[in-house]
Amino acid sequence: MFESNSELWANKIFGQADLNDKRRTKRLVKLTVDMADGAGKSVVRASKDPASIEGAYRFIENDNIDPKAIAQAGFDATAKECAERRLILALEDTTGLSYTHDVCNELGNNPAGKNRAAKGRSLFQHSILAMDADTEKVIGLAHQQNYTRSELPQSLKNSGSARSRRTKEEKDSYRWEESSVSMHETFTRTDNIIHVCDREADSYEYMDQHLDSNRRFIIRCQHNRALQLEDHEESVKLKALIDFPHVAEHTLKIVQKGKGKTTKNRPARMANMGVSYHQVTFKRTHDADKNTRDEISLNLVVCRELDPQDEASRLCWFLYTNEPINSVAQAQKVVRYYELRWRIEDFHKTWKSDGTQVEKLRLGTRKNTERLSTILAFVAVRLMQLKEVAENTEEAKQQSCETMLTSLEWKMLWKDSEKTKPPSEPPSLYWAYYALAKLGGWHDSKRTGKVGMKAIWAGWVDLMIMLKGYRLMVELDI
C-alpha cells in the first residue's frame, strides 16, 4: 500500500480535492509533496525553493480554503481503496494537539495538561484509521474531526452532577457518533466495516446508534454494568465474569509503553490469556438518552491474563460486539481485531512526535493550523505504511525489495550500505528495511532489532536526496 513516489501518492490523495479553484488543488498537491519529502521539518525547511515557501504560506493562510475540503479528498481516496477489500477495521480514538502559543486563544478554555503552561490548550481530533483485516496493513485515514472542549454552560456550573446533566451534543462521547455517521456517508460500501473502539466508546447511546444503523462494532467495556446472561437466571456484574471458566487460550504480545503523565513504564512481554464468550443483555442506564431502546443484547468476549505477575498489572479485556460468535475461533478473531486497535495510537504518535512533528506548528490561527495539520495527518499515514512494509520479518525475507524500491533506488542504497557492486538480483525487503534504517543513523544499541519511525524516515529522505543528486548529474551530463 506504500507508494514510493511522493508525487504519485499526493495526487492520489489530494488530486481530486474540490477547493473551488484548480490552482488551489495543484498547490495542495505541491505542498503535500514537499511536506512528505521533508516530514518532520518546518514549511520553510521542507519547501524546495523561495517560490514554494511563498506559495505554501499563501495556501495555508487562505481563508477561502476549507480544511474540511482538504480532508474530504483524502477520505474519498481511502474509501475507494476500502471498497474492494473483504473486511475493514475502522480503528477509532481521540487525541489532542497541544499548543502554548497564540493559537490557544481559539482553542477553548481548559488547559492542555497539568504540566503545561497556564495558557496551554489543545485542538482535539477524533480519528478513524482504516486497516485491512486480512493483511493487517493500514489503508488510510477514513475520517477525522477537529473540535475544542468548551466551558460548561453557566446553568450547569457549581453542580456536582454537571457533567452527567450535559446534553448528548455537549459530551465528548458524541464525537464518536458524529464521526461514524460522517464516515459512512463517505464510504460507498459499509457492510465490510467493523468499528474497533476503546473504553471511551462504551456509551449506551453510541451502541444503540450502531445497532439502529446496522453498523458492526467491537467496543471495550468501561462500565461495570449488571448483565443478564443467556444461561443464568440472576444478573451478573460485568467484572464478575473474570472468574468464569475460559474455553480457549490466546497468546497476546504486549508492546512496550514508556512512562507517561498518568501511566507507569510497561516493558514488552508475552501474556497467556484465557478467552470466554457470552450472550448478554443490559438495560438502558438512567443517564442515557430516553429515545434509545429499553435494553441492548450483544455478544461479550472476555480475554483475561491467566498467570499475571500481580493482580494490579493483570490485563483483562471485556469486549462488546454485534459480530456473530458461535465458536471459539470467532471469539479469538474478535480478540485479534481489538488487539490491532493500538495502531491508531501508533498513528497519533507518528503524527505528533515521531514523524511529522505536528505539535511544533506555529501558525497563529486555528484554521491555518487545521489546514496544515490535516495534510500532515495523511503524511503520517504514509510514514506508517513505509515502516510496516518490512515489519513482518518472515514475509520481508521472502519478498524482493522492488516491492518498495525501484531498481535504481535499491542499487544506490546497496552501494551506500554494502560498499560493493550491486548484485544481479534484487535483495530482500528485509535487507532494504535495515539498510534504510542505518542510512538514517540507526544503531541497534539495545539489541532489540526494533527500528523507530524517525530513523526509517530519515533514511528514506536521505535516499531520495541521493537519487535527486544522481538525476541532476545525469541531466547535466557530468
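# Pairs, burial and backbone angles

Visitor: How many disulfides does the chain have?
Guide: We're looking at a predicted model, so local features need pLDDT of at least 70 and side-chain atom pairs pLDDT 80 or more, while totals for chains, interfaces and linings use all residues. Residues are numbered from 1 along each chain as its sequence is written, and side-chain values use heavy atoms, with hydrogens and water left out. Taking a disulfide as a pair of cysteine sulfur atoms within 2.5 Å, the count is zero.

Visitor: Cys82 then: buried or exposed?
Guide: The cut-offs are under 20% relative accessible area for buried, over 50% for exposed, and partly exposed in between (1.4 Å probe, protein chains only). Cys82 comes out at 2% relative accessibility, so the label is buried.

Visitor: And what is the relative accessible area of Cys104?
Guide: Cys104 is another buried cysteine. Its relative accessible area is 5%.

Visitor: Over to the rings. How many aromatic pairs are there?
Guide: Rings of Phe, Tyr and Trp (its six-membered ring) pair if their centres lie within 6.5 Å; planes under 30 degrees apart are stacked, over 60 edge-to-face, the rest tilted. By that rule, the aromatic pairs number 13.

Visitor: What kind of pair do Phe14 and Phe378 make?
Guide: Their ring centres sit 5.3 Å apart. The planes meet at 80°, so this pair is edge-to-face.

Visitor: How many residues apart in sequence are the parts that this pair ties together?
Guide: Helices (H or I, at least four residues) and strands (E, at least two) are DSSP runs, numbered from the N terminus. Phe14 belongs to helix 1 (residues 6–14), and Phe378 to helix 10 (residues 366–388). Both of these Phe residues are buried. Because of where they lie, the pair ties together parts whose separation in sequence is 364 residues.

Visitor: What is the angle between the planes of Trp317 and Tyr338?
Guide: Those two rings also form an aromatic pair, 4.8 Å centre to centre. The pair is edge-to-face, with the planes at 75°.

Visitor: Which helix holds Tyr338?
Guide: The pair links distant parts of the chain, 21 residues apart. Both partners are buried: Trp317 has 8% relative accessibility, and Tyr338 has a relative accessible area of 4%. Trp317 is in strand 11 (residues 316–321), while Tyr338 is in residues 328–339, helix 8.

Visitor: Which Trp joins a cluster with Tyr430, Tyr433 and Tyr434?
Guide: Ring pairs do the linking here. Along with Tyr430, Tyr433 and Tyr434, they bring in Trp442.

Visitor: Where is Leu300, and how far is its C-alpha from that of Val334?
Guide: Leu300 sits in strand 10 (residues 295–305). At 0% relative accessibility, Leu300 is buried. Leu300 and Val334 are 34 residues apart in sequence, and C-alpha to C-alpha they are separated by 9.8 Å.

Visitor: What is the phi of Asn20 near?
Guide: Most residues other than glycine have a negative phi. Asn20 is in the loop between helix 1 and helix 2, and at 68% relative accessibility Asn20 counts as exposed. Its phi is positive, near 70°.

Visitor: Which loop residue has a positive phi near 60°?
Guide: Look in the loop between helix 12 (407–418) and helix 13 (429–439).
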